[in-house]
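Try each task before you read the solution.

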Amino acid sequence: MKIIVLGAGAGGGFPQWNCNCPNCQLARSGVPEAPSLTQSSLAVSADGKRWVLLNASPDLRRQIELNPALHPSGPGRSSPIAGVVLCNADVDHTAGLLTLREMQPLAVYGTGRVIGVLAANAMFNVMDSKLVERRAMPLETPFPFLDRDGQPLGLTVQAFAVPGKVALWLERPEEKNFGSIPEDTVGLKITDDATGSSFFYIPGCAAMPDDLAKRLNGAELVLFDGTTFTDDEMITAGFSAKTASRMGHMAMTGAEGSLAALGRLSIGRRIYVHINNTNPALLRNSAERRLIEASGWEVGFDTMEIVL
Ligand SMILES: [Zn+2]
């Protein structure tokens, strides 16, 4: 199984269009210690020929061009991309669906909640329903990823609810946790049917309850939410009144952070993705980067390839 990190950045990417923070300034200057990141997405393939996108970011067009495995290869129009599995309805995970118009057969999987959000937004109808099938995926029950014509790709998907919240643009301020339900935010376990190898992809996760820790313990590979380094990072930077946990993300550090929570688990390889532009661990020469690398973590980057 091959995995490509198409985008290791969080929503907004790195640098973010309207941000002039020290990190974003460095990224714009092009120095090697601050490599730019596009927004949150992976691609996975069992055979290296046909690919499934895990989330479709607003940067998808650029991500496809940066990764030759995703280029069309036949005569005329075609794509090795067979479809998409969505983790939530965030803009950084769904807006790329609009890039996938232009008459390609695709299968798009999301929870019933996320498929309902797509249905309620008429702009997504640019993905012609005669060619693109939207499929509601169950929580917990593993299922084979099937292309639009029902052909398996040799990958089994299991979606499971993780702590989080509904997408920002769907928040209902008057309701508990902004009206979030379990189907709003899921993690994915992807298994290669031929080899039995598997990995977890959890780009958004607000906490690490015991059942989730138990699920991840013993994993070969986990790609995990690395949005912020500290919980109050956006407040300290003066950009937001919201903590990371208010935004549905665990910080890397702190008693409730991912370094501590996943540090107690046996995991073969652990990689941060969905990294916000304010996170000092983005900088390759930072003390924060050294700290997380000393804890056994890697920081994902665009075009990173992993073979399991
Ligand atoms: Zn910034």
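E133, R135 and R148 are joined in one network of salt bridges. Keep in mind that this is a predicted model.

**Exercise 1.** Take the network of E133, R135 and R148 apart, bridge by bridge.

*Solution.* 
- Step 1: begin with R135, which forms a salt bridge with E133, the closest N and O atoms being 2.9 Å apart.
- Step 2: go on to R148, whose side chain meets that of E133 in a salt bridge at 3.5 Å, N to O. R148 sits in the loop between β7 (143-146) and β8, and E133 in strand β6 (residues 132-136), so this pair ties together parts that are 15 residues apart in sequence.
- Step 3: check the burial. Buried means under 20% relative accessible area. R135 has 14%, so R135 counts as buried. E133, with 32%, counts as partly exposed, and R148 is partly exposed too, with 22%.

As background, side chains of opposite charge can pair when their charged atoms come close.

**Exercise 2.** Find the salt bridge between R269 and E298, and say which strands it links.

*Solution.* 
- Step 1: look at the distance. The side chains of R269 and E298 meet in a salt bridge at 2.6 Å, N to O.
- Step 2: R269 is in strand β12 and E298 in strand β13, 29 residues apart, so to speak a link between distant parts of the chain.
- Step 3: R269 is partly exposed at 31%, and E298 is partly exposed at 25%.
- Step 4: Searching the whole structure turns up nine salt bridges.

## The zinc site

**Exercise 3.** Which residues coordinate the zinc ion, and through which atoms? What is the geometry of the site?

*Solution.* 
- Step 1: list the donors. They are C19 (SG), C21 (SG), C24 (SG) and N277 (OD1), at 2.3 to 2.4 Å.
- Step 2: test the angles. Four donors count as tetrahedral if all angles lie between 85 and 135 degrees. Here the angles among the four donor atoms are 99 to 121°, and the site is tetrahedral.
- Step 3: read the spacing along the sequence, which is C-x1-C-x2-C-x252-N. C19 lies in the loop between β1 (2-7) and α1 (22-29), while N277 lies in the loop between β12 (269-273) and α8 (287-294), 258 residues apart.
- Step 4: check the surroundings. Both C19 and N277 are buried.

**Exercise 4.** Where on α1 do the buried residues N23, C24 and A27 lie?

*Solution.* 
- Step 1: note that N23, C24 and A27 are buried in α1. They cover an arc of only 95° around the axis, which puts them on the same side of α1.
- Step 2: tie this to the metal. C24 is one of the donors of the zinc ion, through SG.
- Step 3: look at what follows the helix. After α1 comes G30, with a positive phi near 80°.

## Rings

**Exercise 5.** How many aromatic pairs are there, and how are the rings of F160 and F200, and of Y272 and W297, arranged?

*Solution.* 
- Step 1: the count comes to four aromatic pairs.
- Step 2: take F160 and F200. Their ring centres are 5.9 Å apart and their planes are at 70°, so the pair is edge-to-face. F160 lies in strand β8 (residues 152-161) and F200 in strand β10 (residues 198-202), so parts 40 residues apart in sequence are tied together. Both F160 and F200 are buried.
- Step 3: now take Y272 and W297. With centres 3.8 Å apart and planes at 10°, the pair is stacked. Y272 is in strand β12 and W297 in strand β13 (residues 297-299), 25 residues apart. Y272 is buried at 0%, and W297 is buried at 3%.
- Step 4: look back at F160. The charged end of R215 sits over its ring, 4.1 Å from the centre.
- Step 5: pick out the cluster, which Y109, F143 and F145 form.

## Backbone

**Exercise 6.** Is the peptide bond from F14 to P15 cis or trans?

*Solution.* 
- Step 1: read omega, which is near 0°: the bond is cis.

Methods: Residues numbered from 1 in each chain as written. Heavy atoms only, no water. Donors = N, O, S within 2.8 Å, 3.2 Å for Na, K, Ca; no water. Tetrahedral: all angles 85-135°; square planar, octahedral: opposite > 155°, others 65-115°. Helix = DSSP H or I, 4+ residues; strand = E, 2+ residues; numbered from the N terminus. Buried < 20%, exposed > 50% of the residue type's maximum accessible area, 1.4 Å probe, protein only. Phe/Tyr/Trp six-rings, centres within 6.5 Å; stacked < 30°, edge-to-face > 60°. Lys NZ or Arg CZ within 6 Å of the ring centre and 35° of its normal. Salt bridge = Lys/Arg side-chain N within 4 Å of Asp/Glu carboxyl O. Arc of directions from axis to C-beta.
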